[in-house]
Amino acid sequence: MRPRPEFTLHDLLYNTVARDPHHTAVVDGDAKYTYEDLERQSASLGAALAEAGVGRGDRVGVYLEKSWEAIVAMLAASRIGAAYVNVNPLFKAPQVEYLAGDCDIKVMIGDTQKLEELQPKTVQTAFYKGAKPEGPAAGSYVDVAEALAGEGLKEDTNVSESDLGTILYTSGSTGMPKGVSTSQRNVVAGAQIVSTYLENTPEDRILSALPLNFDAGMSQFTTSLRVGATLYLLRSRLPGDLLKALRRHEITSVTGVPPLWALLIRGARSIRENPLTHLRYLANTGGRIPQANLDELRDLLEPAGTRIFLMYGLTEAFRSTYLAPEEIHRSSPEQGNCIGKAIPNTEIMVITKEGKEAAPGEPGELVHRGPTVAMGYWGNEEATRKAYRPNPLAPPELLDVERVVYSGDTVERDAEGYLYFLGREDAMIKNQGYRLSPEEVENLLLGSGLVHEACAFGVENPAVGQDVIAVISLRNGSEEGAVDRVREYAINNGPPYMIPKEIVLRDVLPKTGSGKIDRKGISSAYSNG
Amino acid sequence: MVSSNGDAKAAIRGWLQENVTGGRDVANDEPLIDNGVMTSLQTVELVVFLEDTFEIVVEDEEFDEENFGSVEAIARLVESKAT
């Protein structure tokens with residue numbers, strides 16, 4: 001079979017199956033699946049989705065713990081021209097219902113226990129993994145196991161690289177999470193670019209420790225698929241499980257966020273006694289590793305031959321820059337938070353407030369140009385126009401034909417072209433590698449019915465990025481134990497990283513001149529004790 | 001100092017109430033990891049607490065979901081070390 005040009009996710013699968021159908025694609029617990037299994041079962045699930053009425057451009061939600069079925073679901077939706085929407089498995093019902101409504105999910109593929117928590121008719125049809133769900137979360141139900149074993153597609157849908165491939169939900173500095181609409185071309189370009197600079201091969205054994213709803217987590221799957229490597233699914237984030245997985249599977253490649261490395265370092269003694277000699281590289285994303293942890297990681301891993309990549313990316317353009325292992329010394333307390341240079345086939349511009357290219361050493365906004373620039377935010381034209389703008393450095397003859405992404409991050413470039421992250425001006429909170437807007441936290445707390453006003457913000461804490469702090473006033477004055485009840489409501493109705501580390505009670509919240517809650521004032525008053 | 005025999009469960013539940021659940025008591029067999037009661041960072045804090053309180057050392061490889069999945073499991077690990 002001749003290899004196909006790489007236009008869509010399914011082309012990547014097709015080529016890998018053609019090269020080596022019996023190679024192990026995915027290891028989920030004790031179960032191993034080959035690329036041929038992936039081809040056959042994604043065709044069967046694709047046929048079942050089509051049977052349930054899913055057509056080109058429709059959205060298919062995947063609300064599963066990381067599993068074989070979650071991997072098959074992405075390919076199944078793709079090959080019938082639908083877009084998959086990976087839902088954070090830590091989400092509780094309110095977040096899932098918001099997301100299902102926001103992008104109008106037609107079919108939700110989910111774990112039974114998760115589906116049962118949802119409001120009636122959250123989706124038309126649900127595909128369940130487990131026993132048949134009780135309750136009316138969906139109008140009708142289909143058993144995933146039966147769908148995977150069913151007859152495959154008669155023929156593949158004609159899917160184009162311009163079709164919507166997936167929607168990646170991410171938080172910004174304001175409002176509720178936004179769906180970054182990512183085309184098939186974006187997904188494929190991301191896989192090509194990342195597998196190029198990480199030099200992935202079929203011999204790689206890639207540990208999937210990040211959630212699949214996170215762009216870098218999905219990228220591990222797409223890069224693995226493209227080169228025909230083996231993906232090992234890890235659900236636990238406890239250090240013992242991480243260490244055992246790295247050893248037992250002789251993992252060559254791992255990508256994670258800073259808190260994961262803090263856990264890995266906890267196993268320092270064990271790693272020194274028994275070094276991770278198979279680990280070819282470790283790639284970090286989702287924030288800066290505290291310097292002490294980076295030094296210790298280098299000390300633990302580099303002698304055994306592991307290379308450390310520091311990556312920077314924003315979901316709006318998938319991945320943006322990386323600092324090569326040979327240059328890692330450039331990220332230091334003296335030199336600053338070096339995020340390296342542009343990923344292949346990509347241009348990173350530093351644009352001043354006047355819209356000009358910044359000189360070396362001059363701060364400006366990081367602006368991303370290249371094939372991973374996504375299509376925009378689903379159903380949010382205003383936000384799309386703000387972040388996805390015409391290329392500011394385009395020649396006058398080509399004005400307004402190409403969109404680039406304005407990141408909101410302030411950076412500067414040194415004389416050698418290396419980029420340094422300086423900070424953000426807005427109120428976005430980064431906790432444990434997750435982005436959060438203050439409103440999401442505030443809405444969660446207000447949902448308890450006990451809270452009159454809420455103000456959330458982030459406070460720097462190198463171990464986690466930022467701690468989430470909330471200052472609230474109560475509806476019925478200061479009731480005994482009310483703060484505990486608010487906290488308990490939040491824990492039951494939100495993912496762990498959205499729960500404030502501290503909830504501070506005030507009689508009233510200070511307002512700005514225009515009568516809005518003064519988040520800046522409250523946040524600096526908190527930080528100054 | 002908390003003695004280890006039988007008090008481990010109460011001490012762990014007390015710590016969870018104070019540091020994780022906002023006052024709600026946790027059942028001994030309630031899953032702590034699967035449904036996201038505790039974040040991985042909180043489990044690290046819990047291990048520090050257990051090591052200090054019971055004067056034990058949790059080995060790197062023991063720090064996994066099998067041993068930290070419920071109050072019962074954690075207490076079993078603690079008691080196996082304290083004897």
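This is a predicted model: local features need pLDDT of at least 70, side-chain atom pairs count only at pLDDT 80 or more; totals for chains, interfaces and linings use all residues.
Local features were considered at pLDDT of at least 70 and side-chain atom pairs at pLDDT 80 or more, while totals for chains, interfaces and linings use all residues. Residues are numbered from 1 along each chain as its sequence is written, and chains are lettered from A in the order in which they are written.

In chain A, an automatic or database domain assignment gives domain 1 (35-182), domain 2 (338-426) and domain 3 (429-527). The C-alpha centres of domain 1 and domain 3 of chain A are 32 Å apart. Their contact (C-beta atoms, placed from the backbone, within 7 Å) draws 14 residues from domain 1 of chain A and eleven residues from domain 3 of chain A. On the domain 1 side, five residues are nonpolar, eight polar and one charged; here Ala, Val, Leu, Ile, Met, Phe, Trp, Tyr, Cys and Pro count as nonpolar, Asp, Glu, Lys and Arg as charged, and the others, Gly among them, as polar.

The two chains also meet. Chain A brings 25 residues to the contact and chain B 18 residues. Helix 9 (239-248), helix 10 (258-266), helix 11 (268-273) and helix 15 (482-493) of chain A each give two or more residues to this side, with the largest share, five residues, coming from helix 9 of chain A. Helices (H or I, at least four residues) and strands (E, at least two) are DSSP runs, numbered from the N terminus. The chain A side holds eleven nonpolar, six polar and eight charged residues.

Eight of its nine residues are buried, so helix 10 of chain A is largely enclosed by the rest of the structure; buried means 20 or more other C-beta atoms, placed from the backbone, within 10 Å of a residue's own. Among the buried residues are Trp261(A) and Arg266(A). Their cover includes helix 9, strand 12 (253-256), strand 13 (281-284), helix 12 (291-301) and strand 26 (465-474) of chain A, together with helix 2 (40-54) of chain B.

Elsewhere in chain A, two helices pack together. Leu9(A), His10(A) and Leu13(A) of helix 1 meet Leu75(A), Ser78(A) and Arg79(A) of helix 3, a contact of three nonpolar, two polar and one charged residues.

Methods
A residue is buried if 20 or more other C-beta atoms lie within 10 Å of its own, exposed if 12 or fewer, and partly exposed in between; C-beta atoms are placed from the backbone.
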